Amino acid sequence: MNNSYVIGVDFGSDSVRALVINAQTGQTIGTHVHEYARWKQGLYCDPAISQFRQHPLDYLEGLEKTINGALAGVDEHIRQQVVGISIDTTGSTPGPVDETGLPLALRPDFSENPNGMFILWKDHTANAEAEEINTLAHHWDTDYTKYVGGIYSSEWFWAKLLRTLRVDESVRKYAFSWVEHCDWISAVLTGNTNPLTLRRSRCAAGHKALWHSEFDGLPSDEFLTKLDPLLSGLRDRLFTDTYTADQPMGHLSAEWAGKLGLSTDVVIGVGAFDAHMGAIGAEIEPYAFVRIIGTSTCDILMAPNDEIGHRLIRGICGQVDGSVAPGMLGLEAGQSAFGDLYAWFARLITGPVRELLSDEAADTMSHQLIPHLSAQAAKLPITANDIIALDWINGRRTPDANHTLKAAVAGLNLGTDAVKVFKALVEATAFGSRSIVDRFLEEGVLIKKVIAIGGVAKKSPFVMQTLADVLNKPIQVASADQACALGAAMCAAVAAGIHPTMEAAQRAMGSGFDTEYQPRPEHVITYETLYRKYLKLGEFVETGLQ
């Protein structure tokens, strides 16, 4: 059998990575990671107001460097057998574009304007706009939020778009349309970035832009105009049709074939979000709950449409036919901060070290701190009187999105030290995870197994064991270090016709699991008590402090 090769590209929050994969065996032939240069410097961001923007040049540079880096040590005959490329990105990460699909930030007059850039998923500057969307939708003849859990989030497409148009006259003047990162960067490879003709991701549109076949696409122009006249007519400059990730977007353009040393016969697949392709890479199956655990979490579950398609699941990030695999209903949830909560605590400790001693001392401590705290926290007893914390350091994504919420810690005394606080923060992220699982179960959605991927899942046994204890469920950790990029490669193999279905690609290219965490019965009961306290503290913070 002649071997074919595919490339999966995964755009994360901090970096982009590429894998070259044998589509018949799943063997990794080459890999490369590139950190975004401008993002690493903190440019165009203001965490104090939850503004997080990324320059499209970071994406373009990363795309070229990672693919070329992954191909650098590959034999020429293998390079010529590359047949497909697919891309996943974070989301919702939309940006304004002109009539040609050029992001405004690539124009000289917008090169330093954050409003002309891509608005990263965790940007919460549009909280007010999200609330306006919810209020109008819940009083409209058609509730356009019905398939996204009944609550629209400031992390999503329309809220970000509306706020940007309101605050920036120049964007209002020059933004012809808007595109998600996963759609634009995939289209770049084909050479057709025309926002009216490029193929839009079903995953992105359904989960974040209120697209549904019941609505004949996006919300009506009447609804959007009522929301704000600035949106009048925009629907016609966006899209009606969407495409699943098994479909081709086009072929590699001559320009990019030259940059990458590949053939113009290479198929470019329709893009999707990282969590959804990551679930494919983690060998998701019906009713498996896949947790992509990193700076935040994104939780993916899929089930047959004929079994749960009639249900409307409250407070999640959407239920979309085909957002993970064609013919299956994809359901998304998640937490706005997971590893970010630990990183915040590390900065809290190392900040004064940086100011009083040196950057070198702070960097050394920062590198060692979380592993040290984890090792010490694992030795602590677990009792019903332990410190309780909330994980809402960046608001709450699910269940029931509310990004105005804040984190909290309760139960401190003079004997409290950094290790005890860290333990409480880890438990808080696990309790937040438990609340998501409980919501699915309450809504009649089965969870037959739990799978974890991502940096935290691979690197932190303490966190994963705590999570297994709190969920009272075994957790399998996927072997793949880069499951999202692997999932993108699987999608590329299907889009290029190497495998007939996602399931077939998973069977041929999957890497299995290397670790399984079992809940410890002696801690499950105690964590049940602490979880109830977490819920009470959350209720107080959400309602008692207003």
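**Reading helices, strands and backbone angles**

Student: Which strands does helix 11 lie across, and at what angle does helix 11 run to strand 13?

Tutor: Helix 11 (residues 274-281) lies across strand 12, strand 13, strand 15 (328-335) and strand 18 (449-453), at about 60° to strand 13. Helices (H or I, at least four residues) and strands (E, at least two) are DSSP runs numbered from the N terminus. Axes are lines fitted to C-alpha atoms, for helices over the stretch in contact, and angles run from 0 to 180 degrees between N-to-C directions. Contact means heavy atoms within 4.5 Å. This is a predicted model, in which local features need pLDDT of at least 70 and side-chain atom pairs count only at pLDDT 80 or more, while totals for chains, interfaces and linings use all residues. Residues are numbered from 1 along each chain as its sequence is written, and side-chain values use heavy atoms, without hydrogens and water.

Student: In what order do the strands of the open sheet follow each other?

Tutor: Strands of a sheet pair through backbone hydrogen bonds, either parallel or antiparallel. Here 7 strands form an open sheet in the order 14-15-13-12-18-19-20, with mixed pairing. Strand 14 (319-321) and strand 20 (513-517) are the edges, each pairing on one side only. Two strands pair if DSSP finds at least two bridges between them. Strand 12 (residues 288-293) and strand 13 (residues 297-304) are antiparallel, over 5 bridges.

Student: How do helix 2 and helix 7 pack?

Tutor: Two packed helices are described by the angle between their axes and the distance between the axes. Helix 2 (residues 56-71) meets helix 7 (residues 181-190) at about 50°, with the axes 11 Å apart. That makes helix 2 oblique to helix 7 (under 35 degrees is roughly parallel, over 145 roughly antiparallel, 65 to 115 roughly perpendicular, the rest oblique). The contact involves Pro56, Tyr59, Leu60 and Leu63 of helix 2, and His181, Trp184, Ile185, Val188 and Leu189 of helix 7.

Student: What is the phi of tyrosine 44, and what is that of aspartate 216?

Tutor: Most residues other than glycine have a negative phi, and most peptide bonds are trans. Tyrosine 44 has a positive phi of about 70°, and aspartate 216 one of about 55°. Tyrosine 44 counts as buried, at 14% relative accessibility; aspartate 216 is exposed, at 61%.

Note on methods: Buried means under 20% relative accessible area, exposed over 50%, partly exposed in between (1.4 Å probe, protein chains only).
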